[in-house]
Amino acid sequence: MALMVGARVLARNLLRPWSRLPDAVPGRTGPAAGGGDGVRCFGSPRVLVETDPAKGVAVIKLKNPPVNSLSLEVLTEFVISLEKLENDKTFRGVIVTSDCPGIFSAGLDLTEMCGKSQAHYAEYWRAVQELWLRLYLSNLVVIAAINGVSPAGGCLISLTCDYRVLADNPKYSIGLNETLLGIVAPSWFKDTLVNTVGHRTAERALQLGLLFPPAEALRVGIVDQVVPEDQVHSAALSVMARWLAIPDHARQLTKNLMRKPTADRLVKQRDADIQYFLQFISRDSIQKSLRVYLDKLRQKKG
């Protein structure tokens, strides 16, 4: 219950985008990755934002160790942080990356989908929808600096971005691997992947739950660039400069032209999508699969 109440408090802050989050890191001036003097930070314990007003660029870092799972709090805080940047005309671009070594994001938090109430499942899934919609349609240039493993929901975040840079480490695989957990990727997950890699590649990848190592991810087009691990951030900044050279209005209108039809499909059936998720996640067989998987994870930690 405390989790849901806390999330609602955070959600209300969406109406006051510069409100300070509970336990937020106060704005401060100091050095940050890829930036120099004048870089400012704000955010929360789970989502850190480093802004460089001089460049008009911000960096959103997921910092929910150990694996940056997308809990209800993380999803809500991410959306709030993104909206802050969108409402401040100083910023034209954002780089999304991880503060956890070797992990971009392990994806949706399975504990949010196991053994909870129907109301909680609905609130959680609406938060997942909201993050996808906000990232996918953002007027900002959004670049993913993928500095770790990126399965499932982590891959989805990457796919919403305008450009994806992946670290060249064979351990850093990326893909929508939901079927391996006995879960089906929603239609809008599928649409995002199809729009990126094409129908046949997406069909095979989704059915088999494929995770692509860097070279293969580049070949099929799930990422746009693979660079040495220590150059991910600098490469993202270099790409950002190219995208920011385009007049904002022309780029934003073109982005909307390309993406709005896909987003509209979810917007028009958002409540139905939630109901489908509730029916699916509440099945005894699905709950059992999730419990077995979570138990295995706990045993590994133990």
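Ile 103 has Val 149 of strand S10 standing opposite. What I am showing is a predicted model, in which local features need pLDDT of at least 70 and side-chain atom pairs count only at pLDDT 80 or more, while totals for chains, interfaces and linings use all residues. Residues are numbered from 1 along each chain as its sequence is written, and side-chain values use heavy atoms, with hydrogens and water left out.

Two conventions for the elements. Helices (H or I, at least four residues) and strands (E, at least two) are DSSP runs, numbered from the N terminus. Two strands pair if DSSP finds at least two bridges between them.

S7 and S10, the latter covering residues 148–151, run parallel and are joined by two bridges. They belong to an open sheet of three strands in the order S7-S10-S12, with parallel pairing.

Now strand S9, residues 141–146. Four bridges join S9 to S6 (residues 93–98), and the two run parallel; Gly 93 has Val 141 as its bridge partner in S9. S9 also pairs with S11 in the parallel sense, again over four bridges, and there Ile 146 stands opposite Leu 166. Buried or exposed: what are the six residues of S9? Six of six are buried, where buried means under 20% relative accessible area, exposed over 50%, and partly exposed in between (1.4 Å probe, protein chains only). Val 141, Ile 143 and Ala 145 cover one side, with Val 142, Ala 144 and Ile 146 on the other.

Next, helix H4, residues 152–160, which lies across S10 and S12 and runs at about 95° to S10. Axes here are lines fitted to C-alpha atoms, for helices over the stretch in contact, and angles run from 0 to 180 degrees between N-to-C directions. Nine of the nine H4 residues are buried, so the helix is largely enclosed by the rest of the structure. The axes of H3 and H4 come within 8 Å and cross at roughly 25°. That makes H3 roughly parallel to H4, on a scale where under 35 degrees counts as roughly parallel, over 145 as roughly antiparallel, 65 to 115 as roughly perpendicular and the rest as oblique. Leu 131, Trp 132, Leu 135 and Tyr 136 of H3 make the contact with Leu 156, Ile 157 and Thr 160 of H4, contact meaning heavy atoms within 4.5 Å.

Arg 259 lies in helix H9, residues 248–268, and is buried, with a relative accessible area of 12%. Which backbone oxygens does the Arg 259 side chain reach? The backbone oxygen of Thr 160 is at 2.6 Å, and that of Tyr 136 lies 3.1 Å from a polar atom of the side chain.

Asp 162 is in the loop between H4 and S11 (163–167), and is buried too, at 12% relative accessible area. Its side chain makes a polar contact of 3.1 Å with that of Lys 255. A polar contact is a pair of N or O atoms within 3.5 Å; within protein, one must be able to donate a hydrogen and the other to accept it, and residues adjacent in sequence count only if both atoms are side-chain atoms. Beyond four places in sequence, residues that Asp 162 touches include Asp 224, Trp 243 and Arg 259. Asp 162 and Val 142 are 20 residues apart in sequence but 5.4 Å apart in space, C-alpha to C-alpha.
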